[in-house]
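Please set each value against its definition.

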Amino acid sequence: MVSSTLILLLAGSAAWTTQASADSARSMTISRIDGPAYIQQSGGALRIQAYPGMLLHEGDTLVTESGGAVLAIQDEGDEITLAPNSEIRIKVLTGGAVQSTTKLELMSGQAYTSVHDLRESRDVFEMDVPGQKLEVRGTQFFVNINPSTGILDVAAGAGVVKVSGTTPQSFAGKAESPVILYPAQQISLVPGLDPLLQTPTGFDVPDFVHQASPDIIKAIIQNKAQIDRENQELIEQQKRQLEQGQSKPSDSWWSGSNDSFSASLELLKQNISSLVANIALETGKQGKLVMELLNQLIADANSKIGDQNGKIDLNHVPPFDPTIGMKVQMGSESKKREEARQEQQKKLEEQVKQQQQMQEILLQQQMQQLQAMIDNILKTIAELQQANQKAAEQRATQAVIQYQQQLSTEEMKRFEEEVRRRNQERIQMGGQQPAAPTQPTAPTQPNSPGGSMTPPVKPPVDPPVDPKPVEIKAVFSPDFPEQVPLHSSHKFTFGFSSGQSNQDTKVKVRVTYSSKTGINLSETDYTYSYGEDAIKEGQLSPDGIVITKEAGPDEEEGEDFTLGELNGTPITFETRLPEVGDYQVKVELLKDEEVAGDPLVTVTKEVHVFDGLSTEVNPIEGTDLDRTLKVKAGGITPETVLGLEIDLRRGSGEASEAAPGAKFILVHNGKEVAEGETNSDGIADVLLPPQLAAINLGLVNGDGTTPEGTEFTLRMVAPADEGNAPIPGEYTAELQWVRQTGDIEHLIPLGQAFKVHYTVPPTL
């Protein structure tokens, strides 16, 4: 089955439209970013680095890279979760007294959208994807675009979604025949396939979990209460229609008579309500989320569900049946359609495979050409070296002959004796045996009685020097984690690039973890594997862990690697660092003779373990300089006292400069609880008093962290000039939560840093 993803959409009435000219512009806020992302603003070509709290407007485009992002539309409560490597554009974002209109375009990647209830509203929410338009009738949906094949995967988990074509060649291009998806249905839209052959199927939970981004899975689990509630309302509405003597809707997802439809609604309800629980169970099986995070998500989701039977219990998950709720197709016709769909999909996959093979062949040809060029260059260098050496020998011989021609008979004897003496010393010291002297003919000198001379001794030639060996380099996977949440694994893969070095050379690898703050790591567990085989587990040592290809008996070292076996990143090392702090991991490549010898390669990397404190930044209506900070704790202790480190700069890019003299005030429950002022470097420390520890703020309680967390208001008073007028401009504050230790020089970071953007207008 082509990869499938989830559209969670709660049903409602069709959105009505009004003229956009009568509406006013609205905005969207980036509430969270998990990695690099940038914005291309409407009408511009410049890409701007995105940051939390940044406002987006109609025409703007957001692109995520290695991490996901969450967008929020505050006026309607809508939220869009983007997976890594996604691109989305805001086509229309307007609102008025009667309705609001939101039209987005997902150009690549995955997006999960939680929309306000549209069933009794005139509001419009649409999402365009290549060749398709998704018309939202409910509250939530998710869509995925396969980056290799262009296949659009759509699946409904709650409510209904209407898919319409936007081009004549696209699926459902005829306006009178859109595709309607109902709960627990999915469809894969294959480019170029006859639209009539693309029909919905049952939802495939394992395939969805395999393909979906962890950010998307988390969002789905968090919304289970709302999904179940609105699905139940949809089914109850169907029941009422039947009780009132109405026929079931002509586009119902259940075929058969009214009686069979009514009798099966309860079965359908139970099946759909188990969908999210099955997604959570499969997520744990496939390891898409660490169990600690998965259990916390489930606990948060269950806290919002009043019905005990609706809560997620991974030990008792009702099975999900993908056949329940599907329309019965005509036997032979359905078979022909499915065969045609599979044949077209097979052709598409074969085309992708052929393209990949052609790319591999082209790459191999390029590598062969490059190697041939390198071989020719090395050959030319060797020939030049040989020619230069021969020319130098000829020049040396000629110089000796010319020198001898100037000597008297006595001087010649002394010269020859000196040459013999030096040659004898060289032999005694283990040097090279001198070559037999040549007998060149020289012209008779006036002071020479004969016509021939004793030839010079040819100077010994040192053996040619081997070319400099190719440098061996350590290679790490690009996703090496430098920032790790507390209680999460530090896992990375690595190997070595040895170029043209002897690939059969035997080597070992040593991995050493150390703490910069003196944390004891001797009881910290580790595991490592080579390729797909788990090799060994144990506890870290200050002397490091020696990694070999196989585990030896009785704690002995196993078989060594060869350099060729370490090419790429075949080794996976995993540990779980015990406390918040800064660590260093050192990787060494060792000669096989002795571990204590000098390493062939040594690489060190920094690792920071932080407490899982998360912050959601939201603007406050009616003010430009106040922000709401919604804070949720990770693994902090009840007595933890928080603080904020703030770095404020005015301007943007390289032209930005420190902004001293700004005051930041932190408000909690309507009271000012902390404040600080930026110094000459634009730095301010806003430290909470000890009596407002984490447990007093409501971040934690006796059972651990609270799902609701706590909320602050952060107020900025802009820097002022000599006339006490605010200095206008664009300001960016980078904020970092810290844990106070009693020493202001040793504040420990908690969570990841985040940014807030301020605009101070000129004073009129």
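This is a predicted model: local features need pLDDT of at least 70, side-chain atom pairs count only at pLDDT 80 or more; totals for chains, interfaces and linings use all residues.

Residues are numbered from 1 along each chain as its sequence is written, and side-chain values use heavy atoms, with hydrogens and water left out.

Q: Why is the aromatic pair of Phe712 and Trp737 called tilted?
A: Rings of Phe, Tyr and Trp (its six-membered ring) pair if their centres lie within 6.5 Å; planes under 30 degrees apart count as stacked, over 60 as edge-to-face and the rest as tilted. By this rule there are 15 aromatic pairs. For Phe712 and Trp737 the centres are 5.6 Å apart and the planes 40° apart, therefore the pair is tilted.

Q: What parts of the chain does the pair of Phe712 and Trp737 link?
A: The pair links distant parts, 25 residues apart: Phe712 belongs to strand β40 (residues 710-717) and Trp737 to strand β41 (residues 729-739). Helices (H or I, at least four residues) and strands (E, at least two) are DSSP runs, numbered from the N terminus.

Q: Why does Phe712 count as buried?
A: Buried means under 20% relative accessible area, exposed over 50%, and partly exposed in between (1.4 Å probe, protein chains only). Phe712 has a relative accessible area of 1%, so Phe712 is buried. Trp737, at 1% relative accessibility, is likewise buried.

Q: What makes Thr604 partly exposed?
A: Thr604, in strand β30 (residues 601-610), has 41% relative accessibility and therefore counts as partly exposed.

Q: How do you know that Lys605 lies over the face of Phe476?
A: A charge sits over a ring if NZ of Lys or CZ of Arg is within 6 Å of the ring centre and within 35 degrees of the ring normal. Lys605 lies over the face of Phe476 at 4.7 Å from the ring centre, and over that of Phe480 at 5.1 Å. Phe476 and Phe480 are among the members of one aromatic cluster.

Q: Why is helix α2 called oblique to helix α5?
A: Helices α2 (residues 214-222) and α5 (residues 275-286) pack at about 140°, with axes 10 Å apart. Angles under 35 degrees count as roughly parallel, over 145 as roughly antiparallel, 65 to 115 as roughly perpendicular and the rest as oblique; therefore α2 is oblique to α5.

How values were computed
Axes are lines fitted to C-alpha atoms, for helices over the stretch in contact, and angles run from 0 to 180 degrees between N-to-C directions.
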